[in-house]
Amino acid sequence: MTLSLGQIAEQLGLTLQGDPELVISNIAPFEKAGAQEISFLTNAKYKPLLATSKAGALILSKSHADAFPGNALISEDPYVSYAQLAQLLDTTPACASSIHPSAVIEDGARIGDSVSIGANAVIESGAVLGNGAQIGAGCFIGKNAKIGANTKLWANCSIYHEVQIGQQCLIQSNTVIGCDGFGYANKQGQWVKIPQLGTVIIGDKVEIGASVAIDRGALDNTEIASNVIIDNQVHIAHNVTIGTGTAIAGTTGIAGSTNIGRYCIIGGGVGINGHIEVCDQVTITGYSMVTKSIREPGTYSSGMPTQANRQWRKSMARLSQIDEMHKRIVSLERKNSPEAD
């Protein structure tokens, strides 16, 4: 797909500095963009490189535009404008087109207008697919599950019974939503399974990465609000709730019955304990371990950064001595205190 700079400026609501007839065929990295390509600049430290850029056009803030002699689209937020332009030029194919003859659609399933269902997908009785939904090849949609209008599921997703997914969601391949939570009682060394009787409810415009597992609730529901984004290989346990606008990076695990607030940012590899609260607008940096509730907005960390191996071994050796050092310090403080005289 190609667009002229004039068309791009009009569709994105940006100010054009330069030739409106220039045809743009691609978005490219700043340092590699050629004469028919467009890129963007957000970091001020690269401003000196603008004079030598070979890009056909750049998306720039007003403060950077004077340093670039070529065609530019002036934006209040070049990164957001880049994202919007990428959507205009996106060539990603549909998850499915039409309804494949090998798809199994049971009696009692309700299929909306313009729904596409890929090869070997299974839609069980009572399931509802909203208008424009796309169900990729090999997907499973369980009994009485509801998929909202224009929601897209890539190949081999499994949506268990009674799960509800809102409109305009995007779910990547191999994700499982509504599987059993990790609920067991122990009777004299034998595990007794607790049936998981709740479900999963997901809002609108939620994006979920590949190979994510979201457990159904034990009694109440697991709930994910609208406009949440979840990266690949995340595990969300039973009865977790996640507030509007929160972002969760890959390989994070959230244990059961934890409540995550709105507009939180959770880094990769984070572990969050069960039955705790994380308030709104909290950032948790990568590989942190959250064991207690967080009740004040802000940034929280606990991961240990990389060191040279020799230094790390020294640090670990000293760490193993902390308990003994603490006892010695307490002993010295007692000897030196006025009460010891």
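Arg318 sits in helix α4, which spans residues 309–319. Helices (H or I, at least four residues) and strands (E, at least two) are DSSP runs, numbered from the N terminus. The model is a predicted one: local features need pLDDT of at least 70, side-chain atom pairs count only at pLDDT 80 or more, and totals for chains, interfaces and linings use all residues. Residues are numbered from 1 along each chain as its sequence is written, and side-chain values use heavy atoms, with hydrogens and water left out.

**Surface patches**

- Arg318 is exposed, because its relative accessibility is 52%. The classes are buried (under 20% relative accessible area), exposed (over 50%) and partly exposed (in between), with a 1.4 Å probe and protein chains only.
- Patch members have over 30% relative accessible area and no salt bridge; like charges are joined within 9 Å, nonpolar side chains (Val, Leu, Ile, Met, Phe, Trp, Tyr) within 5 Å.
- Ile99, Ile105 and Ile111 make a nonpolar surface patch of about 200 Å². Accessible areas come from the Shrake-Rupley method with a 1.4 Å probe; for residues, only the protein chains shown count as cover.
- Ile111 belongs to strand β9. Its relative accessibility is 30%, so Ile111 counts as partly exposed.

**Salt bridges**

- The model has five salt bridges. The criterion is a side-chain nitrogen of Lys or Arg within 4 Å of a carboxyl oxygen of Asp or Glu.
- One of them pairs Glu106 with Lys143, with the closest N and O atoms 3.9 Å apart. Glu106 is in the loop between β8 (104–105) and β9 (110–111), and Lys143 in the loop between β14 (140–141) and β15 (146–147), so the bridge ties together parts 37 residues apart in sequence.
- Both partners are partly exposed: Glu106 has a relative accessible area of 30%, and Lys143 has 38% relative accessibility.
- Lys193 and Asp180 form another, at 3.0 Å from N to O. Lys193 is in strand β22 (residues 190–193) and Asp180 in the loop between β20 (176–179) and β21 (184–187), so this pair ties together parts 13 residues apart in sequence.
- Lys193 is partly exposed at 41% relative accessible area. Asp180 is partly exposed at 36%.
- Arg262 bridges to Asp280, with the closest N and O atoms 3.2 Å apart. Arg262 is in the loop between β32 (259–260) and β33 (265–266), and Asp280 in the loop between β35 (277–278) and β36 (282–284), so parts 18 residues apart in sequence are tied together.
- Arg262 is partly exposed at 43% relative accessibility. Asp280 is partly exposed at 28%.

**Annotated site**

- UniProt, in an unreviewed entry, lists His238 under "active site". UniProt positions follow the numbering used here, feature names are shortened, and annotations may be inferred rather than shown by experiment.
- His238 is in the loop between β28 (235–236) and β29 (241–242). His238 counts as buried because its relative accessible area is 15%.

**Helix α1**

- Ala9 is part of helix α1 (residues 5–12). Ala9 is buried, because its relative accessibility is 8%.
- Ala9 and Ser158 are separated by 149 residues in sequence and by 41 Å in space, C-alpha to C-alpha.
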